[in-house]
Amino acid sequence: MTPLRLAVIIGSTREGRIGDRIGRWFVAQARRRDGLAVTVLDLAGYDFPTSLPAEPTGAMRSFAAEVNRAEAFVVVTPEYNHSFPASLKQAIDYAYDEWQAKPVGFVSYGCRSVGLHAVDQLRTVFTALHAMTVRDTVGVDLLDGEPTGRGEEQLRQDVRVLLDELCWWGLALREGRAARPYVS
């Protein structure tokens with residue numbers, strides 16, 4: 001069977017961010033799994049405009065093309081003020097039809113809440129885009145250190161559960177889109 005194309009989106013673009021390290025940790029776990037072709041879309045690597053232009057820029061088109069190519073997503077997001085970063089919302093809005101009928105999972109991080117407020121907000125956004133968010137998440141409490149520290153085995157188990165759900169939904173929705181194109 002053709003591997004499921006999983007795009008891991010690193011949503012923070014702040015200087016000194018930890019999201020890139022958490023993203024790399026997650027990607028290393030995901031690449032150990034058979035049946036997945038993993039790509040990384042690090043928003044810090046895109047030269048997005050500061051305001052919405054009349055015509056999409058090359059970076060906007062490139063990002064939307066990567067979203068279109070992917071069959072499932074994992075969004076790595078911090079929690080800022082009980083929500084997710086503006087850089088992530090901006091990027092999500094550069095695609096629309098490209099998200100439809102595809103599953104989205106979350107790796108979030110923060111202090112104490114492990115980023116779950118950001119995930120709750122993102123579920124609403126992705127539902128509006130006709131994407132399917134999976135139930136289980138991977139949440140990193142920054143007070144415990146990075147994922148390679150205390151609690152790593154539990155986080156690895158959380159990754160396995162998240163990937164199980166994403167693969168099931170990703171393959172089911174791939175078959176569904178092939179049999180009957182999604183329309184909204």
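The legends below describe views of a predicted model.

**View 1. Overall fold of the chain.** The chain holds five helices and six strands, in the order β-α-β-α-β-α-β-α-β-β-α along the sequence. Helices (H or I, at least four residues) and strands (E, at least two) are DSSP runs, numbered from the N terminus. The C-alpha trace spans about 45 × 40 × 25 Å along its principal axes. Of the 184 residues, 49% count as buried (under 20% relative accessible area, with exposed over 50% and partly exposed in between; 1.4 Å probe, protein chains only).

**View 2. Ala101 in its loop.** Ala101 sits in the loop between α3 (86-93) and β4 (103-110). Its phi is near 60°, a positive value in a residue other than glycine. Ala101 is buried, with a relative accessible area of 10%.

**View 3. His130 in its loop.** His130 lies in the loop between α4 (116-128) and β5 (132-133). Phi of His130, a residue other than glycine, is also positive, near 65°. His130 counts as partly exposed, at 29% relative accessibility.

**Notes to the views.** Residues are numbered from 1 along each chain as its sequence is written, and side-chain values use heavy atoms, leaving out hydrogens and water. Local features need pLDDT of at least 70 and side-chain atom pairs count only at pLDDT 80 or more, while totals for chains, interfaces and linings use all residues.
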